[in-house]
Amino acid sequence: MSEPLPAPVHFDGKTFVRNLTGAPGVYRMFDARDELLYVGKAGNLKKRVGSYFLKPKMDPRIAAMVAQIARMETTVTRTEAEALLLEAQLIKSLKPRYNIVLRDDKSYPYIHLTTGDFPRLAFHRGARGGGGRYFGPFPSAGAVRESLDLIQKLFRIRNCEDSYFRNRSRPCLQHQIGRCTAPCVGLVTIADYAADVRHAEMFLDGRAGAVMDELVATMERASAELKFERAASIRDRIAAVKRVQARHYVQGASADMDVIACAMRGGVACVSVLFFRNGVSLGSRDFFPRLAGAADEGAVLGSFIAQYYLERPVPAELIVSHAPADAVPLAEALTGHAGHTVEIKSSVRTDRARFLDLARRNAEAALASRLASRQTLLARFEALRDLLGLDETPQRIECFDISHTMGEATVASCVVFGPEGPEKSQYRRFNITGITPGDDYAAMRQALQRRFRHDAASAAATAAADAARAADASAATAKPPLMARLPDLLLIDGGKGQRQQALDVLNELGIEGVPIVGVAKGEARRAGDETLIVGHSGRTLFPGPESPASHLVQAVRDEAHRFAITGHRGRREKAREASTLEEIAGVGARRRSALLKHFGGLGGLSKAGIEELMQVTGINRQLAERIYATFHG
């Protein structure tokens with residue numbers, strides 16, 4: 001017979017909360033039998049525990065738990081991270097009734113692929129007698145769901161129940177977010193769906209490399225047929241498969257090593273690197289070095305290794321697809337740099353050969369994606385040339401944008417695009433000062449003046465150089481170094497007012513020959529509905545959402561907006577961080593700088609404990625307690 005439940009004990013939660021600290025920590029709830037009900041962690045104990053007793057409505061499960069509380073205990077920790085660790089340890093050891101606790105008494109889960117014209121791919125646990133194929137077993141339900149989520153993103157196989165599938169009259173949310181091709185309403189043919197199912201099966205069978213080969217071939221055909229949007233979609237799928245493939249091919253990687261492969265085609269080289277540390281794959285990364293004249297794969301790899309690893313930690317082994325001509329001295333130099341023996345190997349067997357083959361496939365796929373992207377981008381540049389009636393395809397496009405919050409911390413951005421895409425080393429930001437807050441016209445004017453004033457200052461030198469070239473036939477066709485810095489097309493994010501600022505600035509500075517286009521948002525502010533306002537004439541163009549020229553303008557404008565708003569947020573947060581710390585007595589400019597640098601910003605500083613604060617130079621316990629109190633009350 002079970003022990004009778006003690007008489008209910010009224011727990012005054014509001015009084016308990018009133019005396020709590022605002023520090024991080026762990027709280028524990030007990031019932032009348034003194035059995036543990038729940039363990040939780042909090043960044044602020046007072047706020048978190050108070051939420052159980054101050055909210056008028058709560059989940060029925062939580063309400064039932066709170067009704068059983070007879071007493072509570074708390075443990076204060078130095079940081080929220082420590083609270084998280086302590087919470088996990090207590091849950092694992094004490095297994096409270098209302099906490100989620102890991103259990104190992106269930107059967108192993110599988111992925112089930114059903115039969116029919118449009119098979120379903122779904123989670124399965126239990127007897128395997130329903131027909132179709134079963135993939136697994138998997139070590140956990142989480143692993144199955146992660147795999148299913150990934151496969152839905154990659155291959156868009158349906159996961160709905162058959163009864164739901166048979167009664168659909170329009171696509172569901174899974175189709176709208178790009179995770180299903182909507183076979184329920186006939187938006188995909190049986191053959192195309194079967195191809196997606198076949199790729200999903202190959203992927204689950206561990207043949208991701210074969211899937212990638214087929215996708216690369218399909219992408220190249222789409223690109224050759226000028227179906228650039230389809231090619232870009234397949235390119236993204238290849239990149240996703242490649243990332244997963246690099247993450248899964250880790251069995252047998254028992255050493256610290258990098259596997260490096262090079263692929264070259266069409267004057268472009270791709271170096272793909274797989275990183276392994278302590279037997280674990282850290283993923284892969286692709287590099288596209290700029291080629292200088294004729295070069296083979298070995299020369300590219302030799303140059304890449306020398307430049308990349310002499311500034312970074314070097315693993316014990318570098319497995320390469322093509323041996324550099326100077327492999328021996330290069331290995332000796334890396335050995336001296338790293339302080340341990342470094343080997344460069346190109347002839348490998350077993351697992352290393354498998355990893356090297358994977359790296360080669362990654363490099364080929366990434367190279368194919370880059371070439372397809374270049375072809376798409378070139379088509380868009382040419383379409384913009386034709387739309388604007390330019391004599392030549394622009395080789396340098398600059399775009400300016402302004403970002404601020406109600407006039408606070410105004411920042412202007414200048415991004416640069418060429419036929420190869422964004423040239424991020426040429427990007428510039430301008431912190432705008434000395435204007436009326438919120439005056440976008442003045443901000444645009446100041447940014448353009450600062451961008452082009454150096455060109456104007458050199459106008460006399462340019463004219464002299466032009467005269468010299470006129471006298472020297474050998475140099476008659478050469479461009480002045482100054483003019484090589486000017487854009488072939490200047491985009492201004494905004495309407496007629498912003499465009500007029502650009503026209504006025506370039507006219508005042510004596511700069512001619514730069515086409516200027518204002519990019520004004522459409523009435524509904526939808527991408528593709530922009531109005532282009534051209535040059536001095538003010539002629540308006542409406543390329544529309546289907547125009548490749550419009551796609552290019554959107555990409556450049558969106559990048560300028562992203563770059564501007566990132567700078568604005570950084571400047572705004574820096575100002576606000578300084579303002580918060582300036583309120584603390586004893587924290588001057590030097591200590592503010594040291595604190596923000598040590599903790600990586602105000603967010604990290606606000607979570608630090610007193611002992612962590614005392615580790616910063618110039619912060620004693622008294623000052624640390626003062627800083628801690630500022631953030632935790």
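**Sheets and spaces**

Analyst: An open sheet of 3 strands runs in the order β5-β4-β6 with antiparallel pairing. In this predicted model, local features need pLDDT of at least 70 and side-chain atom pairs count only at pLDDT 80 or more, whereas totals for chains, interfaces and linings use all residues. Residues are numbered from 1 along each chain as its sequence is written, and side-chain values use heavy atoms, with hydrogens and water left out.

User: Why do β5 and β6 stand at the edges?

Analyst: Strands are DSSP runs of E with at least two residues, and helices are runs of H or I with at least four, both numbered from the N terminus; two strands pair if DSSP finds at least two bridges between them. β5 (121–125) and β6 (133–135) each have a single partner strand, so one side of each is left without a neighbour in the sheet. The twist from one strand to the next averages 35°, taken between axes fitted to C-alpha atoms (for helices over the stretch in contact), with angles from 0 to 180 degrees between N-to-C directions.

User: How do you know that β4 and β6 pair?

Analyst: Strand β4 (residues 109–113) and β6 are joined in the antiparallel sense over 3 bridges, and the rule asks for at least two, so they count as a pair. Ile111 stands opposite Phe135 in β6.

User: What makes β1 and β3 partners in the antiparallel sense?

Analyst: Strand β1 (residues 25–30) and β3 share 6 bridges, and Phe30 has Arg71 in β3 as its bridge partner. These strands belong to an open antiparallel sheet in the order β2-β1-β3.

User: What makes a space the largest pocket, and what is its volume?

Analyst: On a 1 Å grid over the protein atoms alone, a pocket is an open set of points with protein on both sides within 12 Å along at least five of seven lines, while a cavity is a set where a 1.4 Å probe fits but cannot get out; lining residues have an atom within 4 Å of a point. The largest pocket has a volume of about 820 Å³, a volume being the space filled by probe spheres set on points joined across faces, edges and corners. Its lining holds 25 residues, with Arg370, Arg374, Glu420, Gly421 and Pro422 nearest the centre, and α13 gives the largest share, 6 residues.

User: How many cavities of 30 Å³ or more are there?

Analyst: The count comes to 1, and the largest cavity holds about 30 Å³ of space. Helix α17 (residues 548–582) gives the most to its lining, with 3 residues.
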